[in-house]
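Thanks for coming, everyone. Today I'd like to walk through how the chains of one assembly meet. Have a look at it first.

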Number of protein chains: 6
Amino acid sequence: MTDTKRKIMFLNPVGTSVYDQVFADMAARYKLPGSEIHVTSLNPSIGKFTHIEFRAFEAMVTAGIIRATRAASREGFDALAIGCFYDTALHDAREVSHEMVVTAPCLASCRLATNLSNRFGVIVGRQKWVEQMSGTVRDYGFGDACAGFYPVGLGVNDFQADHERTNSLLIQAAERAIEEGHAESIILGCTLEIGFHECLQAQLGVPVIDVSIAALKEAEYAAEMKTMVNWVPSRKWSCEAPREDEITAIGVFDQSDVFGNRIVVGA
Amino acid sequence: MTDTKRKIMFLNPVGTSVYDQVFADMAARYKLPGSEIHVTSLNPSIGKFTHIEFRAFEAMVTAGIIRATRAASREGFDALAIGCFYDTALHDAREVSHEMVVTAPCLASCRLATNLSNRFGVIVGRQKWVEQMSGTVRDYGFGDACAGFYPVGLGVNDFQADHERTNSLLIQAAERAIEEGHAESIILGCTLEIGFHECLQAQLGVPVIDVSIAALKEAEYAAEMKTMVNWVPSRKWSCEAPREDEITAIGVFDQSDVFGNRIVVGA
Amino acid sequence: MTDTKRKIMFLNPVGTSVYDQVFADMAARYKLPGSEIHVTSLNPSIGKFTHIEFRAFEAMVTAGIIRATRAASREGFDALAIGCFYDTALHDAREVSHEMVVTAPCLASCRLATNLSNRFGVIVGRQKWVEQMSGTVRDYGFGDACAGFYPVGLGVNDFQADHERTNSLLIQAAERAIEEGHAESIILGCTLEIGFHECLQAQLGVPVIDVSIAALKEAEYAAEMKTMVNWVPSRKWSCEAPREDEITAIGVFDQSDVFGNRIVVGA
Amino acid sequence: MTDTKRKIMFLNPVGTSVYDQVFADMAARYKLPGSEIHVTSLNPSIGKFTHIEFRAFEAMVTAGIIRATRAASREGFDALAIGCFYDTALHDAREVSHEMVVTAPCLASCRLATNLSNRFGVIVGRQKWVEQMSGTVRDYGFGDACAGFYPVGLGVNDFQADHERTNSLLIQAAERAIEEGHAESIILGCTLEIGFHECLQAQLGVPVIDVSIAALKEAEYAAEMKTMVNWVPSRKWSCEAPREDEITAIGVFDQSDVFGNRIVVGA
Amino acid sequence: MTDTKRKIMFLNPVGTSVYDQVFADMAARYKLPGSEIHVTSLNPSIGKFTHIEFRAFEAMVTAGIIRATRAASREGFDALAIGCFYDTALHDAREVSHEMVVTAPCLASCRLATNLSNRFGVIVGRQKWVEQMSGTVRDYGFGDACAGFYPVGLGVNDFQADHERTNSLLIQAAERAIEEGHAESIILGCTLEIGFHECLQAQLGVPVIDVSIAALKEAEYAAEMKTMVNWVPSRKWSCEAPREDEITAIGVFDQSDVFGNRIVVGA
Amino acid sequence: MTDTKRKIMFLNPVGTSVYDQVFADMAARYKLPGSEIHVTSLNPSIGKFTHIEFRAFEAMVTAGIIRATRAASREGFDALAIGCFYDTALHDAREVSHEMVVTAPCLASCRLATNLSNRFGVIVGRQKWVEQMSGTVRDYGFGDACAGFYPVGLGVNDFQADHERTNSLLIQAAERAIEEGHAESIILGCTLEIGFHECLQAQLGVPVIDVSIAALKEAEYAAEMKTMVNWVPSRKWSCEAPREDEITAIGVFDQSDVFGNRIVVGA
């Protein structure tokens, strides 16, 4: 049994720090001893994004995610979780993460849900999201396990506005997923559906996956594999990273203030 | 028969103007009468990218593509072709294109190749590219029609360095695609494999698709459908665009000098 | 910029000329300058088919399509569009088209719809058609993009009988496709649903694809690629054509009066 | 245990009777007691086809297959086997077969091969055939079970020309299928590869499926299900048959001399 | 025409003989002359299973199926049908069947249904079964042909309890499958839905497949292929059987009283 | 941060204890503090299985796996890992695990490999295994990520016989996977390929997954999710467990001496 210290970043890929504390509280509650979690968001210079519900919004923050990934890797993080259920720029970030492992909520949640059931339903905010997310779920190989996407008609920034109303909408959608879609477990398909899984699970009687916890814990698990077993990212074939001299010549990959905010848990 | 004026942008999503003229020459040769083609590249402030062979490079220029898409739409373009065979940010750009149609080379080429044959082989620069590109081809629905990817061991910036050597390498790879992979047509899977298709086609005796021409012509065809039949992008469900007031509040979507260079053909 | 003359045949694969004028009017309205369009139907000796809604009807007219393809190729056509949404005998006709490109409405429409949206719904006449057409859409690689087939309960010959009623049925079915199937664009899945797309598009607010226009324009686009870029069909492997001496020996491939009617537009 | 009389047609869909006797000999050897087998070919008026290796050839004989199907059904046949490994017009013929069941060699052989092994290789004549046949195998749901297609470089009419040479070529290809493709059984993918399966099976030590026997026996099995259990074709939804009055009005479906030849076995 | 004697076992993989007679009656009615059918169930020492609706129940009886397969093979049976619509242990049993062919109801029924229609619906007992059975249907390659699973809310042991009620529930579910799922044929997806197909077929007007008959007849057909054409299971690659000396050393594969009951029909 | 005690069983599903110590040593080295690991094998009464390379062998031990799962659940284990790369009886065991989570090596390894690379190759013992394992990998959704299976020609019991030879064979196969299959990471596809991953990883320069570690750690991770977040298996729809009174009536599910051996690590 080797040392179990590990350092993980939970990156909320938006230009506001307003949700950082809620993720930090979650991290404090669910992390392992020996884990140091840094909850970060991007510097508002990336744009005053409070959500990235649109593909075009994602496209505007990917540069920030790449810079954050490089910065985290330089700081010696073992793993990084990208805090958006679109799993924005997951494969791009992995390319420049050096020995740091990069994870994301959709992938992490589908894996957990299929450990606990054969079919999961995903409760999302808006119908807008469904086509892209269902493509991602299919690309990850979970197409047959997915019992459908169930929108509640809320935007990312609405989930935390009125907890009672949110809870009620999530319950209704989850019941439809279970009764009509024959879902056997529920994924709360937005990192800002945080804080509802316990109550829902108690009411619904099936596993309810909070995707922020899922992303953090998958990152922590990956960090553990890295530090214990030395399983670090491949750099072969499609995993090849660009050369540092080329990156330097291009000149926009690094930025001193890439993070807008940082809350450290468990240092 | 209605008016056939149309305005098309061919956007080379890199931070150098060094390849713009070669695309402009191609456009001049292959465009329809009535088409005005603007060949553009991104402002070097996006980074001194001469290629975007890496996922992380793509991720750094997507903001530029989004800004260019918005700028082109505001300027009244009917269609925009993204000039990279990764089809970088195609769906993201489409979201903010208003009534302008956005196309890209991989999609355009696969469609042309399957009009002329049942199976195509793709000649690429490096093995690095294959995993991502084959995923794209599969996502587009051409998985069964693809006879494989055949790398020649060149980077994007190498293709135009020594035409004779490039030609020879392309021929060899294409012959393998045909004889071993039973390809019936060839796609030259990089916009900088431009200039070789005629010679290869003559030697190989099968259709050889130049992907820059394919992207431009698909854009022109889409522009024609827009101007003649009024077929413009859907804005329903997953195609919904962000609201302009939100974009303004976020504040990074627009930039006066998004293009680094522009060559106008056929004005 | 090279010469832009091109010669296209729109073949209505039935044994009646009754619908030829409606297609000719469409062609006159939507063709490019420089395009000469011949709208043809088969000689009634093929059988007095006014539609080919049944697989067995298609099977009876394929010989006529093969003969028409050969005749069109000999006459120097650059492209031929087969005017039935089953895309009847598309691959068979391609085999004997020599340097002429063959296209068809289902393929052409799915491509256009996925340029303008991520998901399309198809409005068809009868449930009878759905299984075969959805197989075709899946074979073309558009399975994931298809939001379903929505029958209106009309046969091919009913669409043009009472325009008001047809319009009303199409609107209702399209609304179901959009609201229940989350379609983002609509394909009018029968060449005889011609004449309704403008009105529907205005009412529905999403792109509505007329499949006859789609087939004609894809053929024209292919003809342009042929004449400008010299992209003609492959004759390698599965695209190999039978030898002419064998065809002569077999003796039934050619017939002087294969076409029952011909309207020339834009000569 | 009910009566076991049954009447089956084996239709060789070409315009020559030259191969009818070889199929009749096979039928005589392998049929059940109580089965009456009629081996037929099409009237040479369909065209002097000795094979239908080309898609365009298939397209020319489909009308003959439809007419033969209707004629067989009227004569009271219980089942019909279409004697070409392309399974030419299988679904079209099924539509007009009334209570007669229609089968074909590719489907029948894939089923038998996957009863006896998990992976089969298909030995075909020419590379030309592979793309179409592999599409059919995939459409039937056997894509994952198929260990590949192995051409021997012979046309349909070559297989029976020099039995020793054919046997040697088939053995070599089958060995490659087994050793390189890890095939566990072999399908001889042309009805004219008849007569070789016993010798090959003895030499190779794995099941070798003769596709003519497979087609005949699947037809006989279907006939048995029809006569014993009253399982006849569905006429619902996509299986709906055209109305007889419409067929009469069209006027080309019936022909007195649709068959060019007939050998009756076991009457 | 060779000898047509054949010996088939129909194995009901439960630890009760209570249903053996109903299968024996079916066998007596539907077998061919020359077929000797042994209907067996497992010795109650396997556990007092009257059904295997649960995966864990299946897992407890697989050892019994393996022993029964070996025993049947030693007794010289030509084919064995496993009498459960889960097709429990089909591939496992095939591995140790020597020259005996092993079949099962789900595979046999899907094949029959797709001979008679393009889409089938499956009427099952409980929603519990659906996820596993639909996975099996997909694995067999019938995913696109399956119009859905329709549970009636009965357990295996309920179907034969009140025939009138069962009949009424099956009719209702089948009507939903046809009208809502556009099924064109019906599979009664449990061997204990035996005895209802004739009545349902008459009422519904589409083919209704009894899966016990299907399994028995597919086994009989396989036995016929074995005895007439010498098509016996492959033992190559994944079909390799364990060596007998290893089996003897392990010591649990054989048991004198593996069968709990046996009814012989047609000896 | 809650309590981090957790109790995990690593079950080697064979009837010999000969490999238990090697797994216990692995567990001791790689477990988290707070984890108590019990390495068990089945009582030899299940049969003297030293491996379960054959499907029929798996089928003989599944009853033992079910009993072991129930016993482990009753003993209060949080998670159980089934120690065979076939993931034998994974879904069956999950059905009766109550609140215990069940994992297995193939699933766990594919997940780890796709966190570290886009494509993995699997080094297996014998070609015999490939068809079944590749089916499992495909069913799990990793079909596109799998760069192939590479057998070394060893049986399960051979891997630990001559470490030098095994190492050399694994290296050779892995190099082929990387160079020919373009694998970017390697999975050692048998639990008895244990002990080689460090050396291989050092030599190959890509991640090399030991599947025993993967299975154990995935179980530990699942146990952590259970104890920290209360994520326990669903019992809805296909996850429904049989009732205990029915299990008692059947009478074979429980056995006092189901485990043949037990080594406890970290108590």
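Chain F and chain A bury about 4,700 Å² between them. Buried area here is the accessible area, taken with a 1.4 Å probe, that two parts lose on being put together, summed over both. Carbon and sulfur atoms give 58% of that area.

A word on the source: this is a predicted model, where local features need pLDDT of at least 70, side-chain atom pairs count only at pLDDT 80 or more, and totals for chains, interfaces and linings use all residues. Residues are numbered from 1 along each chain as its sequence is written, chains are lettered from A and ligands numbered from 1 in the order in which they are written, and side-chain values use heavy atoms, with hydrogens and water left out.

Back to chain F and chain A. How many residues of chain F are in contact with chain A? There are 54, and they meet 54 residues of chain A. Contact means heavy atoms within 4.5 Å. Of the interface residues of chain F, 100% are also interface residues in chain A, so the copies meet through the same surface.

Next, the salt bridges: a side-chain nitrogen of Lys or Arg within 4 Å of a carboxyl oxygen of Asp or Glu. The rule finds four across the interface of chain F and chain A. One of them joins K236(A) and E179(F), with the closest N and O atoms 4.0 Å apart.

Let's move to chain E and chain C. This pair buries about 360 Å², 46% of it on carbon and sulfur atoms. N118(E), D144(E) and H182(E) supply 85% of the area that chain E buries against chain C. The rule finds one salt bridge here. It links the side chains of D144(E) and R138(C), at 3.1 Å, N to O.

Last, a pair without contact. Chain A and chain D do not touch, and their nearest C-alpha atoms are 16 Å apart.
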